[in-house]
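Thanks for asking me to look this one over with you.

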Amino acid sequence: MSKKQQYVRASDIGRAAFCPHAMSLSKVGAKASDDAKARMQRGEEKHQEMGQKIDADRGREKVVIVILLCIALMLYIMFG
Amino acid sequence: MFEVFLTAAVIIFIVLIIRGSGEQNPFDIKGKEIWRDEGKHTKAFVNHHYQIVGKPDHIFESHSGEIIAVEFKSRKGRVYESDIVQTLASCLALRSEMDVQRALVCTQTTKVELNLGSDQDLWERIQGYAFQVKTATQGQVIQEYRPSIAKCQSCSVRAHCWRKS
(Lines give C-alpha, C1' and ligand atoms only; values in the text may rest on other atoms or scores of the structure.)
Protein backbone atom coordinates (compact mmCIF):
# COMPACT_ATOMS: atom_id res chain seq x y z
CA MET A 1 0.00 0.00 0.00
CA SER A 2 1.45 3.42 -0.98
CA LYS A 3 1.82 6.13 1.65
CA LYS A 4 -0.99 8.10 -0.03
CA GLN A 5 -3.32 5.08 0.24
CA GLN A 6 -2.63 4.79 3.98
CA TYR A 7 -4.17 8.23 4.65
CA VAL A 8 -7.95 8.41 4.82
CA ARG A 9 -10.12 11.42 4.00
CA ALA A 10 -12.76 12.51 6.55
CA SER A 11 -15.30 12.81 3.74
CA ASP A 12 -14.69 9.16 2.75
CA ILE A 13 -15.16 8.11 6.38
CA GLY A 14 -18.51 9.93 6.34
CA ARG A 15 -19.44 8.17 3.10
CA ALA A 16 -18.54 4.79 4.64
CA ALA A 17 -20.86 5.58 7.56
CA PHE A 18 -23.58 6.53 5.04
CA CYS A 19 -23.22 3.25 3.15
CA PRO A 20 -19.99 1.18 2.92
CA HIS A 21 -21.04 -0.38 -0.40
CA ALA A 22 -21.72 3.01 -2.05
CA MET A 23 -18.39 4.38 -0.79
CA SER A 24 -16.49 1.39 -2.16
CA LEU A 25 -18.28 1.59 -5.53
CA SER A 26 -17.09 5.21 -5.85
CA LYS A 27 -13.56 4.15 -4.90
CA VAL A 28 -13.42 1.50 -7.60
CA GLY A 29 -14.54 3.99 -10.25
CA ALA A 30 -18.35 3.97 -10.37
CA LYS A 31 -19.39 7.27 -11.92
CA ALA A 32 -21.69 9.62 -10.01
CA SER A 33 -25.07 10.24 -11.66
CA ASP A 34 -25.77 13.58 -13.38
CA ASP A 35 -28.42 14.24 -10.75
CA ALA A 36 -25.85 13.74 -7.96
CA LYS A 37 -23.35 16.02 -9.74
CA ALA A 38 -26.00 18.74 -10.00
CA ARG A 39 -26.78 18.32 -6.28
CA MET A 40 -23.09 18.65 -5.43
CA GLN A 41 -22.87 21.83 -7.52
CA ARG A 42 -25.88 23.29 -5.70
CA GLY A 43 -24.26 22.31 -2.39
CA GLU A 44 -21.06 24.17 -3.28
CA GLU A 45 -23.11 27.26 -4.14
CA LYS A 46 -24.89 27.08 -0.77
CA HIS A 47 -21.50 26.83 0.97
CA GLN A 48 -20.33 29.96 -0.85
CA GLU A 49 -23.54 31.77 0.13
CA MET A 50 -22.90 30.83 3.77
CA GLY A 51 -19.38 32.28 3.56
CA GLN A 52 -20.81 35.50 2.08
CA LYS A 53 -23.35 35.72 4.94
CA ILE A 54 -20.54 35.47 7.50
CA ASP A 55 -18.56 38.17 5.62
CA ALA A 56 -21.64 40.41 5.49
CA ASP A 57 -22.09 40.09 9.27
CA ARG A 58 -18.42 40.98 9.75
CA GLY A 59 -18.87 44.00 7.44
CA ARG A 60 -21.87 45.18 9.46
CA GLU A 61 -19.75 44.94 12.61
CA LYS A 62 -17.17 47.32 11.09
CA VAL A 63 -19.89 49.81 10.06
CA VAL A 64 -21.27 49.79 13.61
CA ILE A 65 -17.79 50.53 15.00
CA VAL A 66 -17.27 53.46 12.59
CA ILE A 67 -20.71 54.95 13.40
CA LEU A 68 -20.06 54.69 17.14
CA LEU A 69 -16.65 56.29 16.79
CA CYS A 70 -18.27 59.17 14.85
CA ILE A 71 -20.84 59.64 17.65
CA ALA A 72 -18.04 59.64 20.24
CA LEU A 73 -16.11 62.26 18.21
CA MET A 74 -19.22 64.44 17.86
CA LEU A 75 -19.83 64.28 21.60
CA TYR A 76 -16.22 65.19 22.26
CA ILE A 77 -16.44 68.18 19.93
CA MET A 78 -19.75 69.31 21.49
CA PHE A 79 -18.74 68.94 25.13
CA GLY A 80 -14.96 68.52 25.08
CA MET B 1 -18.04 65.78 35.53
CA PHE B 2 -20.85 65.35 32.98
CA GLU B 3 -18.29 65.02 30.16
CA VAL B 4 -16.40 62.23 32.01
CA PHE B 5 -19.68 60.38 32.64
CA LEU B 6 -20.72 60.77 29.00
CA THR B 7 -17.35 59.58 27.66
CA ALA B 8 -17.41 56.54 29.97
CA ALA B 9 -20.98 55.73 28.89
CA VAL B 10 -20.03 55.94 25.20
CA ILE B 11 -16.97 53.69 25.71
CA ILE B 12 -19.05 51.08 27.58
CA PHE B 13 -21.71 51.26 24.86
CA ILE B 14 -19.07 50.76 22.11
CA VAL B 15 -17.53 47.75 23.91
CA LEU B 16 -20.96 46.14 24.39
CA ILE B 17 -21.91 46.68 20.75
CA ILE B 18 -18.58 45.28 19.48
CA ARG B 19 -18.92 42.17 21.66
CA GLY B 20 -22.55 41.74 20.64
CA SER B 21 -21.94 42.19 16.92
CA GLY B 22 -19.12 39.62 17.06
CA GLU B 23 -21.76 37.06 18.00
CA GLN B 24 -23.74 37.55 14.80
CA ASN B 25 -23.18 34.66 12.45
CA PRO B 26 -25.50 32.17 10.80
CA PHE B 27 -24.52 29.45 13.30
CA ASP B 28 -25.21 31.63 16.40
CA ILE B 29 -21.73 30.96 17.74
CA LYS B 30 -20.53 33.53 20.26
CA GLY B 31 -17.20 34.25 18.63
CA LYS B 32 -15.34 34.97 15.41
CA GLU B 33 -14.59 32.87 12.36
CA ILE B 34 -10.84 32.17 12.17
CA TRP B 35 -10.67 29.71 9.26
CA ARG B 36 -12.84 28.71 6.30
CA ASP B 37 -12.72 25.99 3.67
CA GLU B 38 -12.85 27.90 0.39
CA GLY B 39 -12.73 24.90 -1.89
CA LYS B 40 -10.16 22.62 -3.46
CA HIS B 41 -7.28 25.07 -3.10
CA THR B 42 -7.70 25.26 0.71
CA LYS B 43 -5.18 22.92 2.32
CA ALA B 44 -6.60 20.16 4.49
CA PHE B 45 -5.40 19.33 7.99
CA VAL B 46 -3.38 16.12 8.34
CA ASN B 47 -3.12 14.01 11.47
CA HIS B 48 -0.07 11.82 10.78
CA HIS B 49 -0.52 9.73 13.91
CA TYR B 50 -4.01 8.53 12.91
CA GLN B 51 -3.43 9.03 9.16
CA ILE B 52 -6.55 11.13 8.76
CA VAL B 53 -6.91 14.05 6.32
CA GLY B 54 -9.80 16.47 6.56
CA LYS B 55 -11.13 19.96 6.95
CA PRO B 56 -14.29 21.32 8.53
CA ASP B 57 -16.24 24.01 6.65
CA HIS B 58 -15.61 26.73 9.24
CA ILE B 59 -13.62 27.19 12.44
CA PHE B 60 -14.69 29.71 15.07
CA GLU B 61 -12.97 30.93 18.20
CA SER B 62 -15.30 31.84 21.06
CA HIS B 63 -14.79 34.84 23.34
CA SER B 64 -13.36 32.44 25.93
CA GLY B 65 -10.80 31.10 23.40
CA GLU B 66 -12.58 27.81 22.70
CA ILE B 67 -12.11 26.40 19.18
CA ILE B 68 -15.35 25.26 17.51
CA ALA B 69 -15.44 23.37 14.20
CA VAL B 70 -18.53 23.67 11.99
CA GLU B 71 -19.68 21.22 9.33
CA PHE B 72 -22.43 22.71 7.16
CA LYS B 73 -24.71 20.51 5.07
CA SER B 74 -26.67 22.48 2.50
CA ARG B 75 -29.78 20.26 2.59
CA LYS B 76 -32.84 20.80 4.75
CA GLY B 77 -33.78 18.15 7.30
CA ARG B 78 -32.04 16.10 9.91
CA VAL B 79 -28.36 15.54 10.60
CA TYR B 80 -27.34 11.97 9.68
CA GLU B 81 -24.96 9.74 11.65
CA SER B 82 -22.65 9.89 8.61
CA ASP B 83 -22.49 13.73 8.96
CA ILE B 84 -21.47 13.31 12.59
CA VAL B 85 -18.85 10.66 11.79
CA GLN B 86 -17.36 12.87 9.03
CA THR B 87 -17.20 15.79 11.47
CA LEU B 88 -15.47 13.68 14.12
CA ALA B 89 -12.89 12.58 11.52
CA SER B 90 -12.21 16.14 10.33
CA CYS B 91 -11.85 17.26 13.97
CA LEU B 92 -9.28 14.51 14.55
CA ALA B 93 -7.37 15.86 11.52
CA LEU B 94 -7.73 19.41 12.87
CA ARG B 95 -6.32 18.34 16.25
CA SER B 96 -2.91 18.22 14.51
CA GLU B 97 -2.95 22.04 14.57
CA MET B 98 -5.69 23.25 16.93
CA ASP B 99 -7.14 22.02 20.19
CA VAL B 100 -10.73 21.75 19.00
CA GLN B 101 -13.08 20.60 21.77
CA ARG B 102 -16.52 21.27 20.33
CA ALA B 103 -18.12 20.85 16.92
CA LEU B 104 -21.38 21.82 15.32
CA VAL B 105 -23.09 19.95 12.47
CA CYS B 106 -25.74 22.06 10.75
CA THR B 107 -28.22 21.53 7.97
CA GLN B 108 -30.41 24.45 6.87
CA THR B 109 -32.98 23.48 9.50
CA THR B 110 -31.19 21.43 12.17
CA LYS B 111 -28.18 21.82 14.41
CA VAL B 112 -26.34 19.14 16.41
CA GLU B 113 -23.61 20.02 18.89
CA LEU B 114 -20.82 17.53 19.59
CA ASN B 115 -18.51 17.34 22.57
CA LEU B 116 -15.42 15.69 21.16
CA GLY B 117 -13.47 14.07 23.99
CA SER B 118 -9.92 12.82 23.54
CA ASP B 119 -8.13 11.85 20.31
CA GLN B 120 -8.58 8.21 21.31
CA ASP B 121 -12.34 8.73 21.81
CA LEU B 122 -12.60 10.20 18.31
CA TRP B 123 -10.53 7.41 16.79
CA GLU B 124 -12.67 4.72 18.44
CA ARG B 125 -15.81 6.24 16.85
CA ILE B 126 -14.33 6.30 13.33
CA GLN B 127 -11.73 3.53 13.08
CA GLY B 128 -14.12 0.89 11.68
CA TYR B 129 -15.08 3.21 8.83
CA ALA B 130 -11.43 4.22 8.26
CA PHE B 131 -10.58 0.53 7.84
CA GLN B 132 -13.41 0.13 5.28
CA VAL B 133 -12.10 3.12 3.29
CA LYS B 134 -8.58 1.63 3.24
CA THR B 135 -10.03 -1.69 2.05
CA ALA B 136 -11.98 0.05 -0.74
CA THR B 137 -8.93 2.11 -1.74
CA GLN B 138 -7.17 -1.20 -2.49
CA GLY B 139 -9.91 -1.99 -5.01
CA GLN B 140 -12.24 -4.19 -2.99
CA VAL B 141 -15.99 -3.66 -3.20
CA ILE B 142 -17.47 -3.87 0.30
CA GLN B 143 -20.60 -6.01 0.54
CA GLU B 144 -22.11 -4.18 3.49
CA TYR B 145 -25.23 -2.15 2.78
CA ARG B 146 -27.20 0.45 4.69
CA PRO B 147 -30.24 0.82 2.45
CA SER B 148 -33.04 3.24 3.27
CA ILE B 149 -35.38 5.04 0.89
CA ALA B 150 -34.11 8.53 1.72
CA LYS B 151 -30.43 7.55 1.57
CA CYS B 152 -30.71 5.51 -1.61
CA GLN B 153 -32.61 8.31 -3.38
CA SER B 154 -29.73 10.71 -2.75
CA CYS B 155 -26.96 8.15 -3.41
CA SER B 156 -24.58 9.25 -6.18
CA VAL B 157 -23.89 5.66 -7.34
CA ARG B 158 -27.47 4.37 -7.05
CA ALA B 159 -27.42 3.20 -10.68
CA HIS B 160 -24.59 0.75 -9.89
CA CYS B 161 -26.24 -0.80 -6.82
CA TRP B 162 -28.49 -3.88 -6.89
CA ARG B 163 -29.63 -3.52 -3.25
CA LYS B 164 -31.10 -0.04 -3.56
CA SER B 165 -34.36 0.73 -1.73
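Predicted model: local features only at pLDDT ≥ 70, side-chain atom pairs only at ≥ 80, totals over all residues.

1. For an overview of the fold, chain B has four helices and seven strands. Following the sequence, they come in the pattern α-β-β-β-β-β-α-β-β-α-α. Chain B has 165 residues, of which 31% count as buried. If you take the contacts in chain B with a separation of 6 or more, 58% of them are between residues 24 or more positions apart.

2. Next, have a look at the sheet. Five strands of chain B form an open sheet in the order β1-β4-β5-β6-β7, and the pairing is mixed. At the edges sit β1 and β7 (111–115) of chain B, each of which pairs on one side only. From one strand to the next, the twist averages 25 degrees.

3. A helix goes with this sheet: α2(B) packs on it and touches β5 (67–72), β6 (100–106) and β7 of chain B. The direction of α2(B) makes about 140 degrees with that of β5(B).

4. How does β1(B) run relative to strand β4 (residues 58–62) of chain B, parallel or antiparallel? The two are antiparallel, and five bridges join them. To find the pairing by eye, look for Trp35(B), which stands opposite Ile59(B) in β4(B).

5. Now to the partner chain. Chain B gives 54 residues to the contact and chain A gives 47 residues. On the side of chain B that touches chain A, the elements giving two or more residues are α1 (2–21), β1 (31–36), β3 (52–54), α2 (81–94) and α3 (119–137) of chain B. By type, the residues on this side of chain B are 25 nonpolar, 18 polar and 11 charged.

6. One last thing to check is where strands pair across the two chains. Strand β1 (residues 8–9) of chain A is joined to β3(B) by two bridges, and these strands run parallel. Here Arg9(A) stands opposite Val53(B) in β3(B).

Methods
Residues numbered from 1 in each chain as written. Chains lettered and ligands numbered in written order. Contact = placed C-beta atoms within 7 Å. Nonpolar A, V, L, I, M, F, W, Y, C, P; charged D, E, K, R; others polar. Pairing = 2+ DSSP bridges. Buried ≥ 20, exposed ≤ 12 C-beta atoms within 10 Å, placed from the backbone. Axes fitted to C-alpha atoms, helices over the stretch in contact; angles between N-to-C directions.
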